[in-house]
Amino acid sequence: MMHHANIHCLIVSPRRADNARTRALVADAHALGIHALAQIEQHALYFVQGALSENDLQRLAAELLTDPVAELARWRTRDAQHGAQLIQVALRPGVTDPVAHEIVRAAHALGITNVEQAATGQQYVVRGKHNQPLSDHELHTLARRLLANDVIQHYALGEIEPTFPQADASAHASGIVETIPITELSDGELLQLSAERRAALDLNEMRAVQNYFRSAKQSVGREPTDVEFEMLAQTWSEHCVHKTFKAKISHQSSVNSHQSSVSSLQSPVSGGVVDGILKTFLRAATEKINAPWVRSAFVDNAGIIDFDDEFEISFKVETHNHPSAIEPFGGANTGVGGVIRDVLGVSAKPIAATDVLCFGPQDVDAEKLPEGVLHPRVIRSGVVAGVQDYGNKIGIPTVSGAIYYDEGYTANPLVFCGCVGIAPKNKHPRTPQANDHIIVLGGRTGRDGLRGATFSSMTMDAQTGEVAGASVQIGDPITEKGLIEVITRARDANLYHAITDCGAGGLSSAVGEMARETGAAVELKKVRLKYPGLAPWEIWLSEAQERMVLAVPLENITALQNLCETYEVELTDIGAFNDSGHVIVNYDGRAVLDLRNDFLHDGIPQRELKAVISNQLSVISNQLSVISNQLSVISNQLSVKQREARNENFNQRLLELLAHPNIASKADVIRIYDHEVQGGTVVKPLTGVMNDAPSDAVVLKPIGTRGTRGIVLSCGLNPEYGKHDAYRMALSVIDEAMRNAVAVGADPTRIALLDNFCWGDPKRPETLGALVEAARGCHDGARLFGAPFISGKDSLNNEYLGADGQRHAIPPTLLISAIGIIDDVNQAVTMDLKQGGNMIYRVGVWQRDDSFAPPLSQETPRVYRALHQAIRAGRVRACHDLSEGGLAVAAAEMCIGGRLGMAIEIATTEMLFGETNGCLLAEVAPNDCEAFEHHLEEIAHACQRLGVVTTNPRLEIRCDANRFISLAVEHLVTAWNSNLQSFDHAQDKSPVSDLL
Amino acid sequence: MKPRALILHATGTNRDHEAALAFERAGALPEIVPLHQLRVGAKQWRDYQMLVLPGGFAYADALGAGKLLALDLTIYFADAVNEFVGSGKPVIGICNGFQALVKAGILPSHQSSVISHPSSVISYQSSVISNQSPVSGLQSRATLTFNASGHFECRWITLKAESQKCIWTRGLTELIYCPVAHGEGNFQLADDAQLATLRADDQIALRYVLHDGGGANGAYPFNPNGSVDDIAGVCNPRGNVLGLMPHPEDHIFVYQHPRHTRGECGKLGLRLFQNGVQYASQM
């Protein structure tokens, strides 16, 4: 197969062929329906090209590419594997292969200078059960479902031809600019043009573009170039400009919606028209709360609040859903990289990462998935690996998050990536000056992510993977680490006047945004490329990762250049800011784009949308065939009253809840993230005597800060409520984030919130109606708690048009992330029971009504303030919030944390599993009970003593003197850990039913 | 006088700040020095009394953890590293730094005469290689390979200081409790004879143990990665160079202890650094 004499392939195999990784591959294959597979070996392939002697090859293998203690290697020959079935996998052309680059660099360093190019791949040696070979069909299925993602990789049954990074590119950047005739088009042709170029612009927007180029009096009077059209399409994309959140929405109610929880906080909705969700609800709440410690809300790349007198902290949460659906590793990887750059974009040092992930059920039948949809198990493992790879390598602890399963996420997973940063106060400059140079730092530009902004604004279909193939890429965390080193030092030396990251839209978005109040002139030929052949519009729009744009005065460029050399970061000067009010882009001195700022940024017509507000979202959901039974286990608890009160029933039910994927331990994911790097993780994601119980929130003490102050991070998410009542979902998830933060010791008067809406197609009035209701809930919830929004993001059109012609939409999903302050990290409280004999209290007003989603008591903010005072006074030994699965699950988790028992009594059986808002359990030492109760006594029904902690490790919950739950803590632990796919639990998995 | 500690920062190093803080609290004067500054001569190795290779992912761990940093050390800085190690100054490699020291052939036993070029560190069994024959026969002694679990793992483990030859671990009677955070920390030796040599030579500096200090005997998760003989750290025959996978620099404050909210404290990692700093001060 190796036709080219100068291409050599080294096969490197572990000496121990049967290992945990190959066993996991076999398990994955079986789960994906390929049952004939018995065994698989995974080998690395290294391709090198060049006139290499035997000695060169031997040295490459021995000194560079093989670990001789653990691995074996052989150079590939024609008949390499006698009788074995092989699947070889390699990257598609244009996909970044960072290892290949290192091979060439290191080979040259070793003096083997004839190595010209390198590439990497994998080889799988497959064996069937009973020594039966797999059929070709089975091999193809194995390759497609598990071993090779068609979007970035190709495979062969047998030997594969590698693609070297530069092999298929033409000699030079193309320089080709097309003119796009638009001024004479009819409405139909305008829409056709929008669709052809995947611009995702509607008719009004296309007309606005047409009018701009028609208008002679605005001294345009010509046809646009492709560079101009593409820049407009992306600047006006939903992703960048949030058209739906700024739209004028007229709405009608099909049923009465909830009144605001507190009448004085009634949302300002009048006349059935919402003039912009963002302005009316989210920003309005922040403005009304007017917290003095908010330093920047909604205007910067990340929201910023005060930390102490010296530092400010920033927080941003982004989504990367569509890229993660088609290439889970790369999508999640670059999602993490992107949000870290957002924090760098406010001149802050990133100190923590968060990730909240929503997937389809892991046991879906692979045969029943829509065409073009990856199996949820493959999506999950790829996404988790992508988060792990970026966060661990860049050295930012991934500390907080959640994983949620629902059928509605099968084709459209959600990947929320967050990042927290810290910076000295008043060191983030925001204003580019005329004549400042436009400096690009970091990675080179390729075809990566082209049209990602518009791609993420469209509904996916079976072809999306194919079309978007070129737009997917793997991140490069080490290059971004270099950016952190350079930018934090450049900030301290006052080397720049403004900074922003290259995200969706690439340079066009970054430079366009920075030049908004001034103007800019760019020479595209100066942009450094990964490979030749790019057209000017591709260079301008490319979303190549790991790039930042800075406005740097001429006199500082040398100092910045020196910093860049020290930390091995590339610096490119691509132009200058000016006061022209235009963005002008040249290619090799020839103008390829000239757009006026006012049109570019303000020329987009406001969208007018219609919404229908309904509490009966299930009607819509049914139409969309996404109604999920995922949480039926939990919802069934609500009808618990009608059930026969047999002990076994409740015991069984609690164990099932603890083992439910949405409640059970996520330790197998948490532990593959480095949550300790930077040395500041004070309350860790897992806690308790065995370090295996779920923390309510994490506490960080950033390295380099003085005193005892810390940061608290928490989140709230409940799509199940979203399916039924979007308004109450919003209140509930705000409350969940607040009470999680308060539970570990956060000051409830110093908590800021971030909103992330992931929704279906807003052009459907019912879907938009739910969005309006959720935003209204955000407003009311934020005001109730006095917790301002400082940043937010929406990801709409999370729907998938399957090959079956059906639309698959996600449940309405709102993630609330909270960032708070704890004055003394030594006073942090964890959820694990501490000592037998201590008292257990229910804190908060327990309320339910006949709605699926629980109400939120107006007293809740007072409860949290009182609880916080009790924590500050040292009266609380453990504290845990009631969420999914209600009081019984919360009590069980506290027992797991302390490996201690609990004997408590509750008033009604409904209180056992029923879900509520605003409630927690608290452990208080007997000596502190009086003082503890005193803190809460002024709030009616907010504090009730339920029982005691027992040294006998057994959970006993009684109601009216009848025993309801009685379970040994070790059984709770086993149920809670039963889903772990990790090494330690592989051997001792037993079904829940065996535990009774 | 406080010894100056060179905290080496390669592209992808990421636990440099914690390492610097630990050395500062242990009484040294730490300085984070980018490799580039040593390469161009802006900083000099000889100005430092201690060398620290911190954790991270140097060069993204392409081609194996620590591999490319090891090439830097053996190609560009062979003389400087030889001199540093050979003069008996304290050297410590943590996690990625340990991986680099092993792959550079400096640990477990460094023969300074052969480090000048890596091709001489390892010798070949056969000089004629046909396309059919596997590439093997290298006489490298040790490696840090993929965890037995097959994946990266971050969890707190307990360490026992064993070697009395190693200037970092000698006299440490208290256990150390600290996190591991690695995917390639499985310490393996080419054969049993190597293990016997390490034992006989008192080069096993740190072992993973049960919480009470009892032997882990390979039991997961106490031994988190499957390392042979529960080895968490080894020193060179002279005892001045220590490499270890865990992160004692991440447990230098009481509030970092996972169960400080239960009143648990102690088993700080700081003592290890104090030992090394004390030794450097007396040199």
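Me: Where in chain B does B:Leu35 sit?
Reply: Happy to start there: in this predicted model, B:Leu35 belongs to helix 2 (residues 35-39) of chain B.

Me: What makes B:Leu35 count as buried or exposed?
Reply: The count of C-beta neighbours decides it. A residue is called buried when 20 or more other C-beta atoms lie within 10 Å of its own. B:Leu35 has 22 inside 10 Å, so B:Leu35 counts as buried.

Me: Which residues does B:Leu35 touch, not counting those up to four places away in sequence?
Reply: B:Leu35 touches B:Leu8, B:His9, B:Ala10 and B:Asp72. As for B:Pro90, that residue is 55 residues away from B:Leu35 in sequence, with 19 Å between their C-alpha atoms.

Me: How do you know that helix 5 (residues 96-103) of chain B is mostly covered?
Reply: By going through the helix residue by residue: 8 of its 8 residues are buried. The buried residues are B:Asn96, B:Gly97, B:Phe98, B:Gln99, B:Ala100, B:Leu101, B:Val102 and B:Lys103. Their cover includes strand 3 (50-53), helix 3 (67-75), strand 4 (91-94), strand 5 (142-145) and strand 11 (241-244) of chain B. Just after helix 5 of chain B, you will find B:Gly105 with a positive phi of about 80°.

Me: How many helices and strands does chain B have, and how many does chain A have?
Reply: Chain B has 8 helices and 11 strands, while chain A has 32 helices and 40 strands. Buried residues account for 60% of the 283 residues in chain B, and 60% of the 996 residues of chain A count as buried.

Me: Why is strand 13 (residues 398-405) of chain A called largely enclosed?
Reply: Because 6 of its 8 residues are buried, strand 13 of chain A is largely enclosed by the rest of the structure.

Me: What makes strand 12 (residues 349-359) and strand 13 of chain A a pair?
Reply: Two strands pair if at least two bridges are found between them. Here 7 bridges join strand 12 of chain A to strand 13 of chain A, and the two strands run parallel. The chain gets from strand 12 to strand 13 of chain A by way of helix 13 (residues 376-394), in a right-handed β-α-β crossover.

Me: How many residues does each chain bring to the contact between chain A and chain B?
Reply: Chain A brings 64 residues and chain B brings 59 residues. Several elements of chain A each supply at least two residues to the side that touches chain B, including helix 1 (20-31), strand 3 (71-75) and helix 13. Helix 2 of chain A gives the most to that side, with 8 residues.

Definitions and conventions:
Residues are numbered from 1 along each chain as its sequence is written. Chains are lettered from A and ligands numbered from 1 in the order in which they are written. This is a predicted model: local features need pLDDT of at least 70, side-chain atom pairs count only at pLDDT 80 or more; totals for chains, interfaces and linings use all residues. A residue is buried if 20 or more other C-beta atoms lie within 10 Å of its own, exposed if 12 or fewer, and partly exposed in between; C-beta atoms are placed from the backbone. Helices (H or I, at least four residues) and strands (E, at least two) are DSSP runs, numbered from the N terminus. A crossover is right-handed if, with the strands pointing away from the viewer, the path from the first strand over the helix to the second runs clockwise. Two residues are in contact if their C-beta atoms, placed from the backbone, lie within 7 Å.
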